Amino acid sequence: MLSTQGYAAITAKATLQPFEFARRDVGPHDVLITITHCGICHSDIHQARDEWGGSIFPMVPGHEIVGRVAQVGNEVKTFHVGEIAGVGCFVDSCRTCAACREGLEQYCDTGMLLTYNGRDQDGQPTQGGYSTQIVVDENYVLRVPSALSPAGAAPLLCAGITTYSPLRHWGVGKYHKLAVIGLGGLGHMAIKIAKALGTEVTVLSTSERKRQDAMRLGAIDFALTSQAETFTKLQRRFDFILDTVSAPHNYNAYVHLLKTDGTLILVGAPDRPTPLEPFPLILHRRRIAGSVIGGIRETQEMLDFCAEHHIESDIEVIPIRQVNEAYERVLKGDVQFRFVIDLASLK
Ligand code: NAP
Ligand code: ZN
Ligand code: ZN
């Protein structure tokens, strides 16, 4: 077993603290990655605080992982020692169901094995990227193109793919008008990726102070969701709306902003349901849909797309001892737009 340093939530009520644990030895198909950077996703906070229920403790969060390959198993074909590699939200799946065979491992019939807050085949809890190293089967490791900086690429492993996948699935592109609700980690990646796809993006936000950033990131318009006139002015404006908001909110108000046949895509994952009004959907044949991250093949495609289009995340790099403060700042929307932990600070 490989002794590993990390930061863990010991219970849902605890702040994160130093934690030593064991990774499995490198098997024939495994890649050992020395982690250099890990993004802080709002899902880390939801899970570390057990807001979705069923969390496994102690929990080392982190699923936006980038590092250097330190060792490979003797059957590994696709990775070599010294390469920059990434790990996203899952580290295994059944590999045999229709979804897995199609490269949609995130929709695996038996459930993807989460990078942390999951249990592997032996029933052992998985632990994430707020740690010095990770051992992952090569089929679930991504190649980080050299055009991307490791720190700026880390958030692509979740925030990047979570916004790229639905935009590609629904064919969002030129001639479409897209609204992005919530300008946080996911929201800022959605603007960059949609712009690269040729789409006109409007940001709908609760924070006036983010107006300049929205325009700098490539939006063509910005409107406050606290103002009633936003909902009259933008009625039936959009082909698609991507909702990245982390807290419970009223979806129905946004349905009115869709054209006939428009789609509201939910990626934000609040911990409580909200009521649904049927008429705004019925009367314009509108849809509400959801999407979770992306498969391995599509995640690689997204990383290559970002390298080609010079897209990285806007980040604030922190040492790991600031992780608890960073969580509080994420909850206040006080980050532009993703914290990334420098894991050299843990050694
Ligand atoms: P984040 O950086 O905290 O951004 C969330 C944004 O939502 C905030 O910046 C804020 O934007 C808006 N917001 C927050 N509280 C709000 C409230 N009470 N009312 C209205 N707007 C509010 O979080 P993130 O990392 O982007 O993650 C966003 C959500 O997506 C989380 O729930 C996360 O768990 C989920 N997620 C889902 C997937 C998936 O696969 N579906 C993957 C990753 C994350 P404004 O200031 O602009 O209003
Ligand atoms: Zn995430
Ligand atoms: Zn499967």
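The site of the zinc ion (ligand 3) is tetrahedral, with angles of 104 to 118 degrees among its four donor atoms, where four donors count as tetrahedral if all angles lie between 85 and 135 degrees. For comparison, the ideal angle for four tetrahedral donors is 109.5 degrees. This is a predicted model, in which local features need pLDDT of at least 70 and side-chain atom pairs count only at pLDDT 80 or more, while totals for chains, interfaces and linings use all residues. Residues are numbered from 1 along each chain as its sequence is written, chains are lettered from A and ligands numbered from 1 in the order in which they are written, and side-chain values use heavy atoms, with hydrogens and water left out.

Donors are N, O and S atoms within 2.8 Å of the metal (3.2 Å for Na, K and Ca), and sites may look incomplete because water is not among the atoms.

| Ion | Protein donors | Distance | Spacing |
|---|---|---|---|
| zinc ion (ligand 3) | Cys94 (SG), Cys97 (SG), Cys100 (SG), Cys108 (SG) | 2.3 to 2.4 Å | C-x2-C-x2-C-x7-C |
| zinc ion (ligand 2) | Cys41 (SG), His63 (NE2), Cys158 (SG) | 2.0 to 2.2 Å | C-x21-H-x94-C |

Buried means under 20% relative accessible area, exposed over 50%, and partly exposed in between (1.4 Å probe, protein chains only). Cysteine 94 therefore counts as partly exposed at 27%, whereas cysteine 100, at 9%, is buried. Cysteine 41 and histidine 63 are both buried.

Helices (H or I, at least four residues) and strands (E, at least two) are DSSP runs, numbered from the N terminus. Helix α4 (residues 159–169) is largely enclosed by the rest of the structure, because nine of its 11 residues are buried. Just after α4, glycine 171 takes a positive phi of about 65 degrees.

Key. Four donors count as tetrahedral if all angles lie between 85 and 135 degrees; four count as square planar and six as octahedral if opposite donors are over 155 degrees apart and all others between 65 and 115; anything else is irregular.
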